[in-house]
Amino acid sequence: METPSGISPRKQKHDDPDLEIFELESSDHGVRSDHQFRSMSALEILRETVRILRYNLIGFVGIVGLLICPVLAILLSNVLVDQSIVKRLTIRLLLVAKSSGLPLRPFIKQSCHKFSEMAMSSAVCFPLYITLSLLSKAAVVYSVDCTYSRKKFDASKFYVIVTRIWRRLVSTYLWVCGVIVGCLTLFLVLLVAVSSLFSVIGFASDLIVYSAMIVGLIFSVMFANAIIICNIAIVISVLENVSGPQALLRSSLLIRGQTQVGLLIFLGSTIGMAFVEGLFEHRVKTLSYGDGSSRIWEGPLLVLMYSFLVLIDSMMSAVFYFSCRFYSMEASNGEPQSVLEAMTVSSGSMDIH
């Protein structure tokens, strides 16, 4: 396996001009083999991601078109979500908020509706998440791994690899879902508990809102760390022979000392996705201007933009994994080899014996 940013033990000439460009760009940005143990910042990881995208462009475009776009088109449009159920769930959340002392301001009403819609959408689209979406994450990690081992995306090899790692990948994803649901449940319980406590003491409604905002701010930082650990755990379950809680533990240990970089990556991705999602909400789902004829081209365009943001986020998670991994271990002096292909060869030899 190659170190991040196209690092190679020695300079070689390649028949593939795209690969030569990839390595020249990596060298031009000051990332050479004598800096193997230097961790990358969030901006450097973004630049590295763009270079990898340019090198394996056809493979990544195929992943976007076949695996990411269909899921996000359904997710953004909410065509599978029953709005009557969302309305009932929103009313129950508002009743809980009112009973805990929170004033029913427009912001709280909108938050309850958004949370209800997100919960229903996640539940309805879960079969798509655990199939197409999870497969797209594995394909992205495989493509990044191929780039660092100086190879192009090979669909047949990827199919063989997926058949070997799919069980542990699903296991890790289920644990990731459990962690996310647990975090959100804990947040709601703490929010209700703190608001109820301040209401019983006799604080004004404004102070209760401020306390809820502080709880939300603290939770946001904790939740961002949990998402980073979960994203790296998915990458680990693809590249390493661990799954489930072991992958989550391995992820939390791997990013130690690099949490700030992960938080910046998460913040940038979240802002970009929220911006595109807001555009889709107000320009496609809600008729806020004109006769709505622009939906014909704005809808697919925004879905495509959102899909590429998801692709970039998955690629940055994979690059961040390699950055953390090679920051914490000695570099190999041998020829680079794909982690996935090495695992496949090893498994094949075991089957022969």
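In which helix is the place of Tyr-210? Tyr-210 lies in helix α8, where helices (H or I, at least four residues) and strands (E, at least two) are DSSP runs numbered from the N terminus.

Good morning. The model shown above is a predicted one, in which local features need pLDDT of at least 70 and side-chain atom pairs count only at pLDDT 80 or more, while totals for chains, interfaces and linings use all residues. Residues are numbered from 1 along each chain as its sequence is written, and side-chain values use heavy atoms, with hydrogens and water left out.

I begin with the overall picture. The chain has 12 helices and 0 strands. Of its 353 residues, 45% count as buried; buried means under 20% relative accessible area, exposed over 50%, and partly exposed in between, with a 1.4 Å probe and protein chains only. Contact means heavy atoms within 4.5 Å. Among contacts between residues at least 6 apart in sequence, 79% join residues at least 24 apart.

Let us turn to the interior. A nonpolar core is a set of buried Ala, Val, Leu, Ile, Met, Phe, Trp, Tyr and Cys residues joined through side-chain atoms within 4.5 Å. The largest such core has 69 residues, and among those touching the most other members are Ile-45, Phe-60 and Leu-311. Helix α11 (295–327) is one of the helices that each supply at least two residues of this core, and the largest share, 15 residues, comes from α11. Leaving aside neighbours within four places in sequence, Ile-45 is in contact with Met-40, Val-261, Ile-265, Met-316, Val-319 and Phe-320. A second, separate core of 16 residues includes Ile-108, Cys-112, Val-215 and Phe-219.

Next, helix α3. This helix covers residues 57–77 and bends by about 45° at Ile-68, the bend being the angle between axes fitted to the seven residues ending there and the seven starting there. Pro-70 follows within four residues of the bend. Buried residues in α3 include Phe-60, Ile-68 and Leu-72. Just after α3, Asn-78 takes a positive phi of about 55°.

Finally, the surface. The chain exposes about 18300 Å², of which carbon and sulfur atoms supply 67%; accessible areas come from the Shrake-Rupley method with a 1.4 Å probe, and for residues only the protein chains shown count as cover. Leu-197, Ile-201, Phe-203, Leu-207, Tyr-210 and Met-213 make a nonpolar surface patch of about 620 Å². The largest share of this patch, 3 residues, comes from α8, the helix that holds Tyr-210.

Note on methods
Patch = residues over 30% accessible without salt bridge, like charges linked within 9 Å, V, L, I, M, F, W, Y side chains within 5 Å. Salt bridge = Lys/Arg side-chain N within 4 Å of Asp/Glu carboxyl O.
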